[in-house]
Amino acid sequence: DRSTLAGSRSEAWALLLLDHEYFHARHLAGATSLPLPTGVGPEAARHFFEAAAWGFNVAEARAGRYPGLRPDEFSEALDRYGEHYRALRALTQQPAPDAWALLSRLLLDPVRLLRKGDSPR
(Lines give C-alpha, C1' and ligand atoms only; values in the text may rest on other atoms or scores of the structure.)
Protein backbone atom coordinates (compact mmCIF):
# COMPACT_ATOMS: atom_id res chain seq x y z
CA ASP A 1 0.00 0.00 0.00
CA ARG A 2 1.80 3.10 -1.25
CA SER A 3 -0.08 5.36 1.17
CA THR A 4 1.82 3.84 4.09
CA LEU A 5 5.01 5.40 2.71
CA ALA A 6 3.49 8.56 1.24
CA GLY A 7 3.62 12.03 2.63
CA SER A 8 5.91 12.91 5.46
CA ARG A 9 6.77 9.40 6.65
CA SER A 10 10.26 8.98 8.06
CA GLU A 11 12.89 6.63 6.69
CA ALA A 12 12.62 4.82 10.02
CA TRP A 13 8.96 4.09 9.26
CA ALA A 14 9.92 2.56 5.92
CA LEU A 15 12.51 0.38 7.67
CA LEU A 16 9.92 -0.67 10.25
CA LEU A 17 7.52 -1.71 7.48
CA LEU A 18 10.24 -3.66 5.68
CA ASP A 19 11.06 -5.44 8.95
CA HIS A 20 7.35 -6.12 9.42
CA GLU A 21 7.06 -7.86 6.06
CA TYR A 22 10.36 -9.68 6.54
CA PHE A 23 9.09 -10.96 9.90
CA HIS A 24 6.08 -12.43 8.08
CA ALA A 25 8.35 -14.06 5.48
CA ARG A 26 10.59 -15.65 8.09
CA HIS A 27 7.62 -16.80 10.13
CA LEU A 28 5.79 -18.35 7.17
CA ALA A 29 9.01 -19.97 5.90
CA GLY A 30 9.50 -21.73 9.23
CA ALA A 31 12.66 -19.74 9.98
CA THR A 32 11.46 -18.83 13.46
CA SER A 33 10.46 -20.81 16.51
CA LEU A 34 7.06 -19.10 16.41
CA PRO A 35 4.56 -21.76 15.35
CA LEU A 36 1.90 -21.18 12.76
CA PRO A 37 -1.59 -20.88 14.23
CA THR A 38 -3.69 -23.97 13.68
CA GLY A 39 -7.30 -24.79 14.39
CA VAL A 40 -8.42 -21.19 14.90
CA GLY A 41 -9.86 -20.25 11.53
CA PRO A 42 -8.52 -17.88 8.89
CA GLU A 43 -9.60 -14.61 10.53
CA ALA A 44 -8.02 -15.48 13.89
CA ALA A 45 -4.89 -16.72 12.10
CA ARG A 46 -4.61 -13.41 10.22
CA HIS A 47 -4.88 -11.44 13.46
CA PHE A 48 -2.27 -13.70 15.06
CA PHE A 49 0.15 -13.14 12.15
CA GLU A 50 -0.36 -9.39 12.30
CA ALA A 51 -0.18 -9.13 16.10
CA ALA A 52 3.07 -11.12 16.07
CA ALA A 53 4.64 -8.92 13.38
CA TRP A 54 3.47 -5.63 14.90
CA GLY A 55 4.55 -6.86 18.33
CA PHE A 56 7.99 -7.53 16.86
CA ASN A 57 8.11 -4.02 15.39
CA VAL A 58 7.04 -2.40 18.67
CA ALA A 59 9.71 -4.33 20.59
CA GLU A 60 12.35 -3.37 18.03
CA ALA A 61 11.27 0.29 18.19
CA ARG A 62 11.46 0.25 21.98
CA ALA A 63 14.98 -1.18 21.66
CA GLY A 64 15.97 1.78 19.46
CA ARG A 65 16.31 -0.21 16.24
CA TYR A 66 14.55 2.46 14.13
CA PRO A 67 16.48 5.70 14.71
CA GLY A 68 14.40 8.67 13.66
CA LEU A 69 11.03 6.95 14.18
CA ARG A 70 8.66 9.70 15.20
CA PRO A 71 6.37 9.37 18.23
CA ASP A 72 3.26 9.40 16.00
CA GLU A 73 4.73 6.57 13.91
CA PHE A 74 5.54 4.55 17.01
CA SER A 75 1.99 5.15 18.24
CA GLU A 76 0.62 3.89 14.94
CA ALA A 77 2.64 0.66 15.21
CA LEU A 78 1.50 0.23 18.81
CA ASP A 79 -2.12 0.88 17.80
CA ARG A 80 -1.95 -1.70 15.01
CA TYR A 81 -0.48 -4.26 17.39
CA GLY A 82 -3.25 -3.55 19.89
CA GLU A 83 -6.00 -3.77 17.26
CA HIS A 84 -4.89 -7.20 16.09
CA TYR A 85 -4.27 -8.47 19.62
CA ARG A 86 -7.76 -7.41 20.74
CA ALA A 87 -9.36 -8.89 17.61
CA LEU A 88 -7.56 -12.19 18.18
CA ARG A 89 -8.70 -12.21 21.80
CA ALA A 90 -12.30 -11.50 20.78
CA LEU A 91 -12.23 -14.34 18.25
CA THR A 92 -10.62 -16.97 20.45
CA GLN A 93 -11.00 -16.23 24.16
CA GLN A 94 -14.56 -17.51 24.55
CA PRO A 95 -14.92 -20.17 21.84
CA ALA A 96 -11.38 -21.54 22.19
CA PRO A 97 -9.85 -20.59 25.55
CA ASP A 98 -6.99 -23.08 25.15
CA ALA A 99 -6.06 -21.56 21.80
CA TRP A 100 -6.23 -18.06 23.27
CA ALA A 101 -4.01 -19.08 26.20
CA LEU A 102 -1.37 -20.48 23.84
CA LEU A 103 -1.49 -17.71 21.23
CA SER A 104 -1.46 -14.90 23.77
CA ARG A 105 1.59 -16.43 25.50
CA LEU A 106 3.41 -16.60 22.18
CA LEU A 107 2.66 -12.95 21.49
CA LEU A 108 4.29 -11.80 24.72
CA ASP A 109 7.80 -11.92 23.25
CA PRO A 110 7.87 -12.20 19.45
CA VAL A 111 11.51 -11.05 19.29
CA ARG A 112 12.60 -14.08 21.33
CA LEU A 113 10.64 -16.35 19.02
CA LEU A 114 12.32 -14.94 15.94
CA ARG A 115 15.34 -17.16 16.48
CA LYS A 116 15.31 -20.78 15.52
CA GLY A 117 17.87 -22.82 17.38
CA ASP A 118 21.11 -20.92 17.74
CA SER A 119 20.88 -19.00 14.47
CA PRO A 120 21.54 -15.25 14.59
CA ARG A 121 18.78 -12.72 14.00
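## Helix α2

The expected span of a helix is 1.5 Å times one less than its number of residues. In this predicted model, helix α2 has 21 residues and reaches 30 Å from its first C-alpha to its last, close to the 30 Å expected.

Helix α2 is mostly covered, with 16 of its 21 residues buried. Just after α2, Gly64 adopts a positive phi of about 80°.

## Packing of α2 against α3

Two packed helices are described by the angle between their axes and the distance between the axes. For helix α2 (residues 42-62) and helix α3 (residues 71-92), the axes come within 8 Å and cross at roughly 150°. The crossing of α2 past α3 is left-handed.

On the α2 side, the contact includes Phe48, Ala51, Trp54 and Val58, together with the charged residues Glu43, Arg46, Glu50 and Arg62. The residues of α3 that meet α2 include Phe74, Leu78, Tyr81, His84, Tyr85, Leu88 and Leu91. The residues of this contact divide into 14 nonpolar, four polar and five charged.

## Packing of α3 against α4

Helix α3 also packs with helix α4 (residues 97-106): their axes come within 8 Å and cross at roughly 155°. Angles over 145 degrees count as roughly antiparallel, and α3 is therefore roughly antiparallel to α4.

In this contact, Tyr85, Leu88, Arg89 and Thr92 of α3 meet Pro97, Trp100, Leu103 and Ser104 of α4. These residues divide into five nonpolar, two polar and one charged. Tyr85, Leu88 and Thr92 of α3 are listed in the contact with α2 and also in the contact with α4.

Terms used
Residues numbered from 1 in each chain as written. Predicted model: local features only at pLDDT ≥ 70, side-chain atom pairs only at ≥ 80, totals over all residues. Heavy atoms only, no water. Axes fitted to C-alpha atoms, helices over the stretch in contact; angles between N-to-C directions. Helix = DSSP H or I, 4+ residues; strand = E, 2+ residues; numbered from the N terminus. Left-handed = near helix turned anticlockwise from the far one by under 90°. Contact = heavy atoms within 4.5 Å. Buried < 20%, exposed > 50% of the residue type's maximum accessible area, 1.4 Å probe, protein only. Parallel < 35°, antiparallel > 145°, perpendicular 65-115°, else oblique.
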